[in-house]
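Good morning, and thank you for joining. Please look at the sequence and the model first.

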Amino acid sequence: MHAPLVRTFWLPRDGNAPTACEDAFAVRPGWPFAAAVADGATESAFSGAWARHLVQCFCRDLPATPAALQQRLAQWRAAWQPDVPAALPWYVAVKLEEGAHAALLGLVVQPDGTWQAVAVGDAVLLHLRGNRLLAAWPIDDPDRFHHRPTLIGSRDDGAPPVEGTEGRWMPGDAFVLATDALGAWLLGDDPTLPLRLATDELARHVTAARRRRALRNDDVAAVVVHCPR
Amino acid sequence: MAYSAEISRTSPTAILFLLDQSASMQEPFGGAEQRGDAAPSKARVLADVVNRLLQNLILRCAKEDGVRDYFYVGVIGYGERVQPLIRPAEEYRVAGDLVPISHLAERPLRLEERLKKVPDGKGGFVEQRVKFPVWFDPHAKNGTPMCQALDLAASMVRTWIDLHPHSFPPIVINITDGEATDGDPLRYAQQLRSFATDDGETLLFNVHLSSSEEPAVELPSSVDELPRDEYAVLLFQMSSLLPFTMRAAAEQEGYRVTMDTRGFVFNADPVALVRFLEIGTRPSTLR
């Protein structure tokens with residue numbers, strides 16, 4: 001059986017350069033298949049790099065349950081060193097002390113028809129069958145997104161609350177992993193858009209939705225996973 | 001919806017501080033742990049408050065590669081004179097006499113070392129040395145020309161609005177012991193608040209530093225919650241209602257808010273007021 005096929009999508013917030021995008025994604029092709037998205041917090045420094053580190057670690061270690069993710073976090077934190085300039089302005093020193101923060105959503109799809117997901121924060125997993133949304137997780141209501149989510153900190157000693165879920169997939173099912181602004185918009189509008197639109201068309205829709213303020217102007221990232229038929 | 005304009009580098013907003021530097025600010029602050037002569041002066045507390053507000057604003061905008069100019073800042077002192085205490089360099093004159101926040105971040109008067117309590121990871125706290133930037137020192141002389149200060153603020157706000165008609169409206173934070181000596185500040189406050197962008201009227205928040213030892217009050221919704229103090233009542237009446245977006249942020253932080261909640265604090269820490277301005281995702285673990 002073929003492993004899932006993927007399509008990825010990202011766009012920095014309007015007015016920002018692509019290099020300033022603090023959303024990240026990673027994919028582990030083959031079986032078990034894995035994909036992850038992470039969203040670096042606007043209000044912490046080095047959060048884009050932290051988000052990239054988290055998705056890469058997830059796709060390497062595949063911690064598919066909350067307990068497994070909690071267990072890995074100390075190791076992931078210890079292995080991360082931000083690229084710090086030699087002369088630190090006072091405000092960067094404070095931000096470095098506070099650490100970087102990001103939301104993380106990871107999905108593992110097994111060839112036996114099962115899947116598992118873990119999440120910290122407000123990135124969203126959509127499970128689609130045909131042209132229908134089966135489930136959205138961990139948030140299924142576009143009004144429940146806010147600006148103060150619980151995130152994974154690079155310096156925090158404590159364990160963030162990790163949520164976990166699992167289910168079965170059918171041939172032809174699709175999953176969309178989306179960071180918060182995109183996830184909220186898809187839930188409120190049409191969750192099947194990422195399946196139906198080519199990447200450049202989706203980018204045009206996102207830009208237009210931002211202009212009419214239906215989609216918050218934030219970095220967006222998504223991984224679309226097509227399960228084999 | 002009003003007060004929903006994005007605050008970003010391409011769409012910044014203005015924050016203007018009005019600092020009471022009158023002679024009465026030499027009197028002891030009633031909200032301190034120490035009492036009587038041991039209490040710090042209101043002028044000392046004011047300097048601390050404004051330095052911490054600026055530090056917090058800057059940290060909210062700071063990234064690894066510098067400070068993003070989400071805010072343009074002005075500071076007016078009123079006491080012996082009514083004057084802007086920071087002046088923009090020539091290249092920033094387009095901002096209407098306000099200074100981009102990155103400019104302030106790079107130029108504190110000095111960096112002091114202070115002790116800060118930080119969690120030790122075992123449920124307790126340890127003291128850690130941290131650098132504390134200082135832009136303003138205590139200053140207290142002559143009367144309290146608050147009306148003139150509000151008038152100057154209004155003219156600076158109008159210039160900003162002419163240049164940024166679609167932005168989140170300017171925010172004016174007046175820090176005072178409340179006793180205007182040049183007229184009725186309520187009228188000037190109403191005039192200042194009437195200047196508006198497409199997104200809403202100018203917001204005026206008041207921070208009352210009093211010698212009274214009555215309990216602190218944060219974000220009251222009615223005069224009944226205030227101490228019996230004529231200046232507290234006046235400053236409450238001068239203050240804007242918290243807009244919806246800020247009310248929602250306040251609620252998330254555990255404040256009790258209603259439709260009538262105003263941006264006013266009495267002998268309390270006003271840093272929350274600038275935290276309620278939304279500029280992007282903020283980790284729930286950060287205060």
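This is a predicted model: local features need pLDDT of at least 70, side-chain atom pairs count only at pLDDT 80 or more; totals for chains, interfaces and linings use all residues.

I begin in chain B, where β4(B) and strand β5 (residues 82-84) pair in the antiparallel sense over three bridges. Helices (H or I, at least four residues) and strands (E, at least two) are DSSP runs, numbered from the N terminus, and two strands pair if DSSP finds at least two bridges between them. Within this pairing, B:Ile76 stands opposite B:Pro84 in β5(B). The two strands form a hairpin, with three residues between them.

Residues are numbered from 1 along each chain as its sequence is written, chains are lettered from A and ligands numbered from 1 in the order in which they are written, and side-chain values use heavy atoms, with hydrogens and water left out.

With strand β6 (residues 99-100) of chain B, β4(B) pairs in the antiparallel sense over two bridges, and B:Tyr72 has B:Pro100 as its bridge partner.

Is β4(B) buried or exposed? Eight of the eight residues in this strand, residues 71-78, are buried, that is, under 20% relative accessible area, with exposed being over 50% and partly exposed in between (1.4 Å probe, protein chains only). Both faces are covered: B:Phe71, B:Val73, B:Val75 and B:Gly77 lie on one side, and B:Tyr72, B:Gly74, B:Ile76 and B:Tyr78 on the other.

Next, B:Gln21, which is placed in the loop between β1 and α1 (42-61) of chain B. B:Gln21 counts as buried because its relative accessibility is 12%.

Let me turn to helix packing. In chain B, helix α3 (residues 146-163) and helix α4 (residues 185-194) pack at an angle of about 5 degrees, with their axes 9 Å apart. Axes are lines fitted to C-alpha atoms, for helices over the stretch in contact, and angles run from 0 to 180 degrees between N-to-C directions. The two helices are therefore roughly parallel to each other; angles under 35 degrees count as such, over 145 as roughly antiparallel, 65 to 115 as roughly perpendicular and the rest as oblique. Among the residues that meet are B:Leu150 and B:Val157 in α3(B), and B:Tyr188 and B:Leu192 in α4(B).

In chain A, helix α1 (residues 47-61) and helix α2 (residues 66-78) pack at about 130 degrees, with their axes 11 Å apart. These helices are therefore oblique to each other. Residues making the contact include A:Trp50 and A:Phe58 of α1(A) and A:Trp76 of α2(A).

Finally, chain A has an open sheet of five strands in the order β1-β11-β10-β6-β7, with antiparallel pairing. Its edge strands are β1 (5-11) and β7 (132-137), each pairing on one side only. Five bridges join strand β6 (residues 124-129) to β7(A), and A:Leu128 stands opposite A:Leu133.

Methods
Contact means heavy atoms within 4.5 Å.
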